[in-house]
Amino acid sequence: MNIVVCMKETPSTTAEKSFTADMRLERRKEDAIPNPFDEYAIEEGLRQQEKNPGSTVTMLCMGPATATDTIRKALAMGGDRGVLVTDPALAGSDAISTARVLAAALTKIGYDLVIFGNAAADAYGGVVPSAVAEFLGKPLLSYASQLGIAGDKATIQRQAEIGYNVVEAPLPALVSVVKSINEPRYPSMKGIMASKKKPLDTFSLADLGLDAATVGGAAAREKALGAEKVSTQRKGEIYVGNDGAADRVVAFLVEQKVL
Amino acid sequence: MDFSLSAEQQMIRNLCREFAEEEIKPRAEEMDRTGAFPYEIIKQMADLGLLGLPFPEEYGGAGADFLSYCLALEEIGRGDASVGITMEAHTSLGATPFYLYGTTEQKERYLAPLAQGKQLWSFGLTEPGAGSDSGGTETRAELRDGVWHVNGAKNFITNAGTDMTGGVTITAVTGVRDDGRKEITNIIIPKDTPGYIIGNPYHKMGWRASDTRPLSFEDCQVPEENVLGAQGTGFHQFMHILTLGRIAIAALSVGLAQACYDESLKYARERQQFNRPIATFQAIQFKLADMAMEIELARLMYYKAAWHHMQGEPFTKEASMAKLYASETAKRAADQAVQIHGGYGFMDEYPVSRYWRNVKAHEIGEGTSEVQRQIIAKHL
Ligand SMILES: Cc1cc2nc3c(=O)[nH]c(=O)nc-3n(C[C@H](O)[C@H](O)[C@H](O)COP(=O)(O)OP(=O)(O)OC[C@H]3O[C@@H](n4cnc5c(N)ncnc54)[C@H](O)[C@@H]3O)c2cc1C
C-alpha cells in the first residue's frame, strides 16, 4: 500500500508570532516544526505501514525551501521518503491553492491512502483535506479517531455526540485524523541518524504542471485582514474579609451549577 | 569558524529536551526521595537509542557523533542528574572502553547489548586506597593456566549493581613494569562470576537514584581472553577514557546549571516582595545575568573540547577546562538558585535544593577540581 502523509511546516506553538505588512505570518526557520496535529497523521501512517507489510510511507509537504528540515523531522519518526513542493510563487497560498497543489503532487507520486491532520496549528482552517478530496474526486473519511484497512477498504470511527459513527470508503481514500487516534512516538536516535539518508525529492510548480496564476498569493480568495493577540487576562473577583464572602462564593458555585 | 549545530545534532538535542521535560523532570522529585533506580525511564531511553548514541550502527548504536552524545547528556541532565549520570557512566565509562579497545569478538559480545541498551556496564577504577591517585591500584590479577585470579576491592562504582547490569571492567595490577611501577591491565568481569561480590548501594546526598556500590573480588576467576586490549595498557586506556568522560561530565554539569537558571528565572518573575517581582531588583538580575553568562561559556567550552576530539586533535587540557569550569559554574548556579528562592529554596518542595545537593558530585567524579587544575597546569 502506498501511504502518503500530508504534513505542514508550522511555527512552534511557543514561538513569538509576527506578521508581514500584507498579513502573512513571518516564518522563521529556527521555529519551524511539523504541525503538531500532523504528528498524529504521521504516527497513523507509520502504524498502518507496520500493520500492512510491504507498504511505503511518503511525507508530503508544501512549504518554503527550508522545509526539508521539517520533513526530515518526520522522517526521523519513520517512513521511506519525503516530497517537498516548493516554489516562490506559492507564497501566500490560501487553503484552496494549497489543496490544488497537494492534489497535483499526490497525482504525480501516486497513493492508496492519504492521511492528514485535521487542521494546522497556525491557520486553523481545517478545510484542506476536504478540498484535496474534491480536487482528486476521491472519498474523504474525516475526523477519524480510529482507522482500519481491510482489503481495498478503509474504515474509520468518528466520535459523535453519543457513541461514534463507523464510516467506510474504498481505497484509494483520504483520511483526516483527530488527536485521540494515537500517541505519536518520539523519533529514535537511529531514526534521526537515518533520516538524512532517506530520499527527499523537491518539486516545483512546473514539475507538477501547475500554472503559477492558479496558486499562491496571486490566486488567493482568502485574505487575512488583521491579527490580534488573544488576551489571556483572567478576571478574578476577590472578596475581602468574612462579611458575606462565604455566601457569595456559594451563590457563585450555584450559578456555575457546581453545587 | 562555524558555531551552528547540524540538523541531526539539533534534532537529537531537541528530542532529548522534550523527553527530559515530559518523562524525566516530573519524576525527579520522587526519584530523589526514594532513591529508587529509574528502570522505567532507562528502558524508555534504551528504546529511543539513547544508551548507545556514539557507537556505530553495526553494534546497534545510533552512529551519532560525540558532540551529539554530549548535547543529549546536557538535556537529560537538565531533567535529572541521577538519570544523566546513569547514562554517562554507562556510555562513557562502561561501553566506550569496549568500543575503543575491544576485539571484534568482545565488541559483539559486550558492546552490542550495551549499545542497544539491553544491559548497563560499569567501570571500576577507584579503590579505598586509590582515588585521585588512580594508579595506586591495589587490586591484583594473576594469570595462572589461562585464568585470571582477581583479588581486591573497588568503591563508588556507578551502575555496578542494577538488575540490568552486565558486569564491570576493572583496573588491576598484573605485574611490575621495567621502570619499577605497577603494570595495570583492564579486566572484564561479568556479573555472575563466582567470587565477584557486589556490595549494597551507598546512601548519598545527591545523584540519589543512580546506582553506586562497593565491589570486592575474592579469588574471582575469569578466562585469559577477558583482558581488554594488551596486558599492561590499562593505565593508558583509563586515562584516555577519563579524559573523554570529562567532556561528558561538563555537558551534564551545563545541564544542571541550566536547570538552576530555568527555575531561578521563573521564580524571580513570580515571587513578589515589596509589591513587585523580585526579578525587578538589580541584585537578583545580576545573579541571573552571571548565571546566564557562565552557562553559555561553559557550554562553549565543552563544545570546543568535543570538537577538538572529533577533529582528532589533542584535547586533554580542553577537557579538563570544560569539566572544571562547567562543574564550578553549576555549583555557583545551584548556590545562587537557592539564594534567589530564599527560604523556599531550602525546602524539599522546590527542585533547587535537590540541585544544590546534586551538584557536589560534579566537582568530584571523574577527577576532582584539584586534579583538573593539576592537569591544566601540566599543559601550560
Ligand atoms: C557518586 C560517585 C560516583 C562515582 N562513580 C565512579 C565509578 O563509576 N567508577 C570509578 O572508578 N570511580 C567512581 N567514583 C569515584 C571518584 O572518581 C573518586 O571519588 C574521585 O576520583 C576522588 O577520589 P577519592 O574519593 O578517593 O578522593 P581523594 O583522592 O582521597 O581526594 C580527597 C581530596 O584530596 C584532594 N587531592 C587528592 N590528591 C591530591 C593532589 N595530588 N593534589 C591536590 N589535591 C589532591 C582531592 O582533590 C580531594 O579534594 C565515583 C564517585 C562518586 C562520589
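Strand E3 (residues 147-158) and strand E7 (residues 212-223) of chain B run antiparallel and are joined by nine bridges; strands are DSSP runs of E with at least two residues, helices are runs of H or I with at least four, and both are numbered from the N terminus. Two strands are taken as paired if DSSP finds at least two bridges between them. Ile157(B) has Arg213(B) of E7(B) as its bridge partner. The model is predicted, with pLDDT of at least 70 needed for local features and 80 or more for side-chain atom pairs, while totals for chains, interfaces and linings use all residues. Residues are numbered from 1 along each chain as its sequence is written, and chains are lettered from A and ligands numbered from 1 in the order in which they are written.

Chain B is divided into domain 1 (7-120), domain 2 (122-234) and domain 3 (236-378), with bounds from an automatic or database domain assignment. The C-alpha centres of domains 2 and 3 of chain B are 31 Å apart. Twelve residues of domain 2 of chain B are in contact with nine of domain 3 of chain B, contact meaning that C-beta atoms placed from the backbone lie within 7 Å. On the domain 2 side there are four nonpolar, eight polar and no charged residues; Ala, Val, Leu, Ile, Met, Phe, Trp, Tyr, Cys and Pro count as nonpolar, Asp, Glu, Lys and Arg as charged, and the others, Gly among them, as polar.

The axes of helix H4 (residues 81-101) and helix H6 (residues 234-270) of chain B come within 10 Å and cross at roughly 155°. Axes are lines fitted to C-alpha atoms, for helices over the stretch in contact, and angles between N-to-C directions run from 0 to 180 degrees. H4(B) is therefore roughly antiparallel to H6(B), the term for angles over 145 degrees. Their contact comprises eleven nonpolar, six polar and one charged residues.

In chain A, seven strands form an open sheet with parallel pairing, in the order E7-E11-E6-E1-E4-E5-E12. Strands E7 (140-144) and E12 (200-203) of chain A stand at the edges, each with a single partner strand, so one side of each lacks a neighbour in the sheet. The twist averages 20° from one strand to the next. Five bridges join E6 (residues 113-117) to E11 (residues 173-177) of chain A, with Gly117(A) opposite Val177(A).

Technical notes: Contact = placed C-beta atoms within 7 Å. Parallel < 35°, antiparallel > 145°, perpendicular 65-115°, else oblique.
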